[in-house]
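Please read the points alongside the coordinates.

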Amino acid sequence: MHAPLSPRPLSIAAAGPLKGEVTVPGDKSISHRSLMFAGLAIGTSRIRGLLEGEDVLATAAAMRAMGATIERREDGEWRVAGVGVGGLLQPNTALDMGNSGTSTRLLMGLVASHPITATFTGDASLSKRPMARVIEPLSRMGADFTASPGDRLPLTMRGLCPAVPIEYELPVASAQVKSAVLLAGLNTPGITRVIERVPTRDHSERMLRGFGADLNVEGEVVSIRGEAELRAQDIDVPGDPSSAGFWMVAASIVPGSDVTIRNVLMNPTRTGLIAALRLMGASIEALGTRDVGGEAVADLRVRHAPLSAIEVPPDLAPSMIDEYPVLFVAAAFAKGHTVARGAHELRVKESDRIAAMAAALGLAGVRVEEHEDGLSIEGRDGEPLVGTGGARVASLLDHRIAMAMAVAGMHAARPVAIDDAAPIATSYPGFIATAQALGAQPTWLDA
Ligand code: S3P
């Protein structure tokens, strides 16, 4: 089992307007995929702007353990020499996935069509998350699994080579499941097809094509012809819109704020939070929209604006699935009653994010009603939060709960305390330093 880091309690107090420019770290989804695809390609890939968070480092370690050569140069560029499709090696030890569901599920896809056996372990949060969603299609392709009760980690799998191509309709809207099947298909003879009725993030499709895979998207069907070589690429990873989301909400709720977030990925499968905040009346201007390596990127200028409650359109869910915790924070400051339903998947993220945010906002003085598939939130019409008094919000090993509640503390009458902010390092190691640079007041507390 993964050794937990020691908890790092944090308090955030209001400190007036947030002002300045920020650069968010590289997109997490693209960073994981860059290392995996480069690790399978022929030749040496160069990756700039890689997110150096714990989740992505877990992917790097696993790809190294299976034969890829991965190095970070002093100037921050990463160099990856791949093993070639089909060339992954048997890892000598268990692959420690830490907190990272994306590493786990995508790497399970890769292992499924290689003749190797791998054991996946993770921290207490990851060990509670469902793996049946990938075990099921990968078993159909021929992989064999021995999982912990409830189809959870730790689990050991044996891949099959050659694996069997399948046609698979996704039962849940999940880019991780879609990607796991496509990655298994990469080393499988014939054509593997995934049908997705609800579009989810399409980074695997775009990037695999860029690496030279024989992949087609026709309507709801993604097909990949296996056993084609991937060729090394140069990649510039754009800024993570999920990380940018914290500053979008912070600048929107703290009176007088004016923040520009540089170099944010604007892929339409990822911009749901911007759409929802705009419906609420947020002032978000996209400046200098440009193309970087086939992805739209922009700078976002966000100024404080009074927010109004909305019924969050459920069809935005896949394009803002990781942003609900911080959207709930925005709703807590809006005028009126916000209802967000149709987001059942939030129950199986790094924590149960519906229950976690209901408890966290409740502790900070917000009236919240919990539904099976979302929350209703009584907004405070711009009034600061009460704060958490002597209590501490439980972050439950979930980086996004910790960061969302840190944002809530930026407009609160008394500080918001969080029992453990260490998980922030999984996706956004510089978050606290950036909060400080913008004028917020974070303080580390005694454990
Ligand atoms: C991700 C897909 C999403 C998202 C996760 C990253 C990816 O998960 O929540 O943070 O990179 O493919 P699901 O596929 O489980 O919705």
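1. Basis. This is a predicted model, in which local features need pLDDT of at least 70 and side-chain atom pairs count only at pLDDT 80 or more, while totals for chains, interfaces and linings use all residues. Residues are numbered from 1 along each chain as its sequence is written, and side-chain values use heavy atoms, with hydrogens and water left out.

2. The largest pocket. Its space is about 530 Å³. A pocket here is an open set of points on a 1 Å grid over the protein atoms alone, where a 1.4 Å probe fits, with protein on both sides within 12 Å along at least five of seven lines. Lining residues have an atom within 4 Å of a point. The volume is the space filled by probe spheres set on the points, which are joined across faces, edges and corners.

3. Pocket lining. The lining has 34 residues; Ala175, Arg201, Ile321, Asp322 and Lys349 lie nearest the centre. Two or more lining residues come from each of α1, α3 (101-112) and α5 (175-186). Helices are DSSP runs of H or I with at least four residues, strands are E runs of at least two, and both are numbered from the N terminus.

4. Pocket position. Domain 1 (10-26 + 239-444) and domain 2 (28-235) both contribute to the lining, so the largest pocket lies between them. The domain bounds come from an automatic or database assignment.

5. Aspartate 27. This residue sits in the loop between β2 (19-23) and α1 (28-40). Its relative accessibility is 0%, so aspartate 27 counts as buried (under 20% relative accessible area, 1.4 Å probe, protein chains only). A polar atom of its side chain lies 3.3 Å from the backbone nitrogen of serine 29. For the backbone nitrogen of isoleucine 30, the distance to a polar atom of that side chain is 3.0 Å. Beyond four places in sequence, aspartate 27 is in contact (heavy atoms within 4.5 Å) with residues including His203, Asp240 and Arg270.

6. Serine 223. Strand β13 (residues 221-225) holds this residue. Serine 223 is buried, at 16% relative accessible area. Its C-alpha atom is 8.9 Å from that of glycine 185, 38 residues apart along the chain.

7. Helix α9. How many residues of α9 (residues 324-332) are buried? Nine of its nine are, among them Tyr324 and Phe328.

Key
Buried means under 20% relative accessible area, exposed over 50%, partly exposed in between (1.4 Å probe, protein chains only). A polar contact is a pair of N or O atoms within 3.5 Å; within protein, one must be able to donate a hydrogen and the other to accept it, and residues adjacent in sequence count only if both atoms are side-chain atoms.
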